[in-house]
Amino acid sequence: MSAEFVVLGAGAAGLTAAYELNRAGHDVVVIDRSAECGGTHRSTNIGGYTFDAGSIFFEQAHPFFAMFPGVKELCTTTFRRQARIAPDGQIRHYPFEPKEVLSWSRLRQMQAVLDLARDRTIIRSPQDAEAFCRSRIGKTAYETSGLKHYIARFHQEDPAQIDVLFCQRRMRFVAQEVRPRALARVALRLVARTREKPKPPRPLFVRPRDGFDKFYGAVRSQLEAKGVRFLMECDIDHIAREQGRFHVSTAAGTVSAHHVVGAIPLDTMHEMLFGTGLGLESIDLVTLFVSVSEITGFEGNVLFNFHPLGRWKRITCYSRIYGVEQGRHYFAVEITQRKHEAKDAAAAFDDFRRHVAQFGIFGHDLTLEGYEIVEDAYPLYRKGCGPTVEQGIERLMDFGITPVGRQGRFAYLPISALVISQTRDQLGAAGPSPLAEETEVGNRVGH
């Protein structure tokens, strides 16, 4: 099989690349090891329940809705109501808000002000996640809010060992909430002892009731109708380059193309081409699928764990969006794990059940319905990893491959709309370019 472009990966970045290249008049083949498109957007149907790995929310102006007519109409409109379990065990707003200091004692408020003044003076150029947060909100607010616990839980690592890159891409709300105007409002309320009314949530779209397959199936059908070809359930053995063309060897045969766009892990591509990885580590995501007879004390549909205990990081409650099924609520529980850790869903569920029992949120009949493991779900931003990532991307691009998306750029991009936007920018910046001197690479590494 031959084409002008081969796109590796059929997640948001790969599908965006296929769309943009096809629209520009190029012949495109998309390769993915999964049976369905969508990347980390995956749905599982179990006994009448539909669960997911990955977020189910789409902004109203999500780029896919303009790219693929009709897919928006497949979705359901809802509101995202988010909360967190704070270190004191209370259900509070997600994420941290400066106005929370109004509920603190006068002594703690004074300590928070002193800490903020000190940390902003001392920490001028933060290099890690902990220093970033302390320089924005001070030590007291950082620890009292639970941000410290959440960052550690997300990475299974001390926040002082996590590069500031994570905060720049995931914790922007910290900087936004402590802008001078926001702090001035809080200061006035501290003096007047008044509270601000919460802002109403914005309406969003969520995936179709019966899962992502319908959504991404429609996306794939539209691309195929325009001539894009898909090789699904297809592992990549190796990539070679000779006589001005790339040769991507897969279980279904070899695909020859002038250009390659890579939306699979950066480290994997580097090892395929050059025989060695970059030493970058990703985080796996274990998602537990759970049902229960009742949920009390929590009115939202997304709950984060900012408490010191418990391995889980986030709950998405589908029954609060799509309705109760078979007389039971159902939801997904996300747990991050390092690559070397054994993935024991039963043990993870026991830990979750023990932890939430103390908050009285769920009934006593929590049931594990199933689970899914997503490998390489998030980049692990170890302190100082930035130059390694940049060097790896530069080396691939010098070779003639354009890496895109979360995976290809080793980038934490919190929403798929941002993945799409950056993929478009990266394709535009790279552009089809003549290959450099011909080199053959034939290292066999599984995708």
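Modeller: Hi! Let's start at a helix end: H13 is followed by Gly 400, whose phi is positive, near 115°. Helices (H or I, at least four residues) and strands (E, at least two) are DSSP runs, numbered from the N terminus. This is a predicted model, where local features need pLDDT of at least 70 and side-chain atom pairs count only at pLDDT 80 or more, while totals for chains, interfaces and linings use all residues. Residues are numbered from 1 along each chain as its sequence is written, and side-chain values use heavy atoms, leaving out hydrogens and water.

Biologist: Thanks! Which residues of H13 are buried?

Modeller: Gly 386, Val 389, Gly 392, Ile 393, Leu 396 and Phe 399. Buried means under 20% relative accessible area, exposed over 50%, and partly exposed in between (1.4 Å probe, protein chains only).

Biologist: And which exposed residues does the face turned away from the buried side carry?

Modeller: That face of H13 has Glu 390, Gln 391 and Asp 398.

Biologist: What do the buried residues of H13 pack against?

Modeller: Their partners include helix H6 (164–170), strand E11 (236–242) and helix H10 (266–274).

Biologist: New topic! Where does Arg 92 lie?

Modeller: In strand E8 (residues 91–93). Arg 92 is partly exposed, at a relative accessible area of 25%.

Biologist: Which residue's side chain does a polar contact join to that of Arg 92?

Modeller: Asp 88, at 2.7 Å. A polar contact is a pair of N or O atoms within 3.5 Å; within protein, one must be able to donate a hydrogen and the other to accept it, and residues adjacent in sequence count only if both atoms are side-chain atoms.

Methods:
Contact means heavy atoms within 4.5 Å.
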